[in-house]
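Please open the model in your viewer and keep the selection tool at hand. The tour moves from the whole chain to single side chains.

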Amino acid sequence: TTAYAGGMANLSDLLYGGVFFDEEGEGGPTCSAYLSTRRVLLETAVFTGVLVAIFVYAIKTCTRVRSADAAHGWGREEPVVKRVLLVAACLQFGFEIAFKLVSRQGLFLMNLTHLYTAAEIYLLASKPGRASFSLLRLVLYHIHEAGLAMLFPEVASRQIPGSLASFYLQHVLIMVVPPYLMYEWGPRSIEPRREWSWAIFSLCFYWMYTLYVLYPVSLLTEVNLNYVLCPAPADPFNGPNYRLSAFLYQTFCVLTFGKALTWVVDGLRSKIKG
């Protein structure tokens, strides 16, 4: 009907009507056709096969969060630092949602950066528990992405006053919150040093969400969510192999920098708190 068509048009305008398709890397027909359908399907099949194999391995070797470990820390007063971080994260995320809606780019809220922020708000608002420990173990392996985003920023669409500051504040918080919670909640909140299962779970979530959620939505709307259709202009691996390069370096970063972070924070906590 006419009312339905009008409603869908208004929704589409709110979600991606303000996307700068003429800007390189934002989307559009050229970006959508950057890689052939055959190549996309082949890469997706290979990536999925690898992810399924390592996921099965992780399931078999995973140390699950125990109720006794999750109960550790209950009854203590919430630290002031934790409250300050929660307020900062909530204010920043609220501004970011408003910015995306006012600029008619609401679809970009599906990007992984915003999922990480939402997850960290939940963690800052929660007490130690099985759910919070499990979520922390998934999030902490991706804080390197915030660092890369600040090293190679794509901020051409951030024309509204304060939106650029929001970008950097969001990424700084993504890098700060997991190490702080690891330090505050102690070694029980992270997986054992010699175990890699949760790192693998985190990697599998990243790529499954990218391949089977973000890519179909991007293909349908021609909006380049998380650069799944074509590479960012500042991408050092810009070219037809950029997705393969991203798969390899993302795997490397999760399994090295993410794991090294758990060792460093755990070591510092042991020295400071004994």
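A residue is called buried when its relative accessible area is under 20%, exposed when that area is over 50%, and partly exposed in between, as found with a 1.4 Å probe and protein chains only. The model is predicted, so local features need a pLDDT of at least 70 and side-chain atom pairs count only at pLDDT 80 or more, while totals for chains, interfaces and linings use all residues. Residues are numbered from 1 along each chain as its sequence is written, and side-chain values use heavy atoms, with hydrogens and water left out.

**Stop 1: the whole protein**

Along the principal axes, the C-alpha atoms fill a box of roughly 60 × 40 × 40 Å.

Now colour by burial: 46% of the 274 residues count as buried. Contact means heavy atoms within 4.5 Å. Among the contacts with a separation of 6 or more, 81% join residues 24 or more positions apart.

**Stop 2: a network of charged side chains**

The structure holds eight salt bridges. A salt bridge is a side-chain nitrogen of Lys or Arg within 4 Å of a carboxyl oxygen of Asp or Glu.

Select Glu-43 and Arg-39 and display their side chains. They meet in a salt bridge with an N to O distance of 2.9 Å. Both residues lie in helix H3 (residues 37-61), four residues apart, about one turn of the helix. Is Arg-39 buried, exposed or partly exposed? With a relative accessibility of 27%, Arg-39 counts as partly exposed, whereas Glu-43 is buried at 8%.

Arg-243 counts as buried, at 6% relative accessibility.

**Stop 3: a pair within helix H5**

Select Lys-100 and Glu-96. Their salt bridge has its closest N and O atoms 2.6 Å apart. Both residues lie in helix H5 (residues 80-102), four residues apart, about one turn of the helix. Lys-100 is buried at 5% relative accessibility, and Glu-96 is buried at 0%. Returning to the previous stop, salt bridges that share partners join Arg-39, Glu-43 and Arg-243 into one network.

**Stop 4: two loop residues**

Where is Arg-104 found? Arg-104 lies in the loop between H5 and helix H6 (112-125). Arg-104 has a positive phi of about 60°, although it is not a glycine. Its relative accessible area is 34%, so Arg-104 is partly exposed.

Finally, select Glu-222, in the loop between helix H10 (197-221) and H11. The phi of Glu-222 is near 65°, a positive value in a residue other than glycine. At 30% relative accessibility, Glu-222 counts as partly exposed.
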